[in-house]
Amino acid sequence: MMKFPSDLLEALRAAQHIAVLTGAGASAESGVPTFRDAQTGLWAQFDPEELATPEAFRRNPKLVWEWYAWRRTLVERAQPNPGHFALVEMERHAPQFTLITQNVDGLHQLAGSRNVIELHGNIRRYKCFACETPHSGPLPEGEIPTCASCGGLLRPDVVWFGECLPAQAYRVALEAAQTCDVFFSVGTSGLVEPAASLPRIARRALATVVTINLDVKTEWSPNAYAIHGKSGEVLPALVSAAWG
Ligand code: BV8
Ligand code: ZN
């Protein structure tokens, strides 16, 4: 049975507003490869930061399209894991709860989380590369489907490197980091800006910050808790320790 410091459990129970930022590590136990090791097999020779850019799509739309189609099949096979469900449970206990995700797999919504802030879009949605019109319904056949209104190429509705985040999504995420009582950073390498700054902003705003990751050593300091472990194991244990 995992043990947690009593002051952390008290902070969770007393929190008016809990904010959570998730990264690829939160979906790893659902079988979705994390962003940086998503390059297994066929894609081992590509750098995701090279493929996830508008330049790559302009240069070689077919390659980028195939990469996303491959990742989408992995996502469509994936099911939410106990970490996703623990966040649904946590949302029930916090008077105010803001779930911010960098993930594009839609697994939080599938688990039952309600207002999910998708900072980097969603691989299950498409839009036109030329006119940005969102595409709805099944994808038209063909090598690269085209836009019904302007004939431009369709692209995944995700935020590529060098592209701005959806303004409203980022505004809500920033506001949550600045005003929440407890901020969780779950399964993210903290490399990609501006999402990576959110935990620092929360810390500066005197929130209690909880980091759950495989690449941290467990250490508890006042209002800053690093917990080494798998999010699919730590989150359910923490939620039941705090709220029974
Ligand atoms: C922007 C969607 C303003 C696409 C993603 C130079 C030139 C141009 C830009 C920049 C530059 N320098 C910096 C920038 C900004 C750039 C950036 O930050 N680059 C980095 C790489 C240096 N950011 C941007 O471009 C952003 N836009 O800044 O706009 C602007 C405009 C114009 C010009 C300049 C600036 C847009 C960034 C969004 C990119 N899109 N995804 C797609 O998915 O294909 S980012 C992608 O990587 C993911 O979405 C994810 O968000 C991100 C980070 O990955 P993580 O989620 O952290 O996953 P990772 O694999 O890295 O780590 C997994 C972690 O989980 C690890 O720590 C591991 O230990 C842990 N883990 C594993 N298993 C578990 C676990 N933990 C717990 N339990 C487990 N079971
Ligand atoms: Zn179009």
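1. Let's start with strand E4 (residues 121–128), which is mostly covered, with 6 of its 8 residues buried. Here buried means under 20% relative accessible area, exposed means over 50%, and partly exposed is in between (1.4 Å probe, protein chains only). Helices (H or I, at least four residues) and strands (E, at least two) are DSSP runs, numbered from the N terminus.

2. A quick word on where this comes from. This is a predicted model, where local features need pLDDT of at least 70 and side-chain atom pairs count only at pLDDT 80 or more, while totals for chains, interfaces and linings use all residues. Residues are numbered from 1 along each chain as its sequence is written, and side-chain values use heavy atoms, with hydrogens and water left out.

3. Who are E4's partners? It pairs antiparallel with strand E6 (residues 154–158) over 5 bridges, and also antiparallel with strand E5 (residues 134–135) over 2 bridges. Two strands pair if DSSP finds at least two bridges between them. Look at lysine 127: it stands opposite arginine 155 in E6, and its bridge partner in E5 is proline 134. The hairpin of E4 and E5 has 5 residues between the strands, and glutamate 132 there takes a positive phi near 70 degrees.

4. A salt bridge is a side-chain nitrogen of Lys or Arg within 4 Å of a carboxyl oxygen of Asp or Glu. Arginine 125 is partly exposed at 36% relative accessible area, whereas aspartate 157 counts as buried at 19%. Salt bridges with shared partners join Glu118, Arg125, Lys127, Glu132 and Asp157 into one network.

5. Now helix H5 (residues 61–77). The buried residues of H5 pack against helix H3 (48–51), helix H4 (54–59), E4 and E6. Contact means heavy atoms within 4.5 Å. Within H5, glutamate 76 and arginine 72 meet in a salt bridge (3.3 Å, N to O), sitting 4 residues apart, about one turn of the helix.

6. Over to the open sheet: 7 strands in the order E3-E2-E1-E7-E8-E10-E9, with mixed pairing. Strand E3 (116–118) and strand E9 (219–221) are the edges, each pairing on one side only. Strand E1 (residues 17–22) and strand E7 (residues 182–186) run parallel, joined by 5 bridges, and isoleucine 18 stands opposite valine 182 in E7.

7. Which residues of the largest nonpolar core touch the most other members? Of its 29 residues, they are Leu12, Ile18, Val20, Met90 and Phe184. A nonpolar core is a set of buried Ala, Val, Leu, Ile, Met, Phe, Trp, Tyr and Cys residues joined through side-chain atoms within 4.5 Å. Helix H10 gives the largest share, 7 residues. A second, separate core of 19 residues includes Ala19, Ala169, Cys180 and Val209.

Terms used
Chains lettered and ligands numbered in written order.
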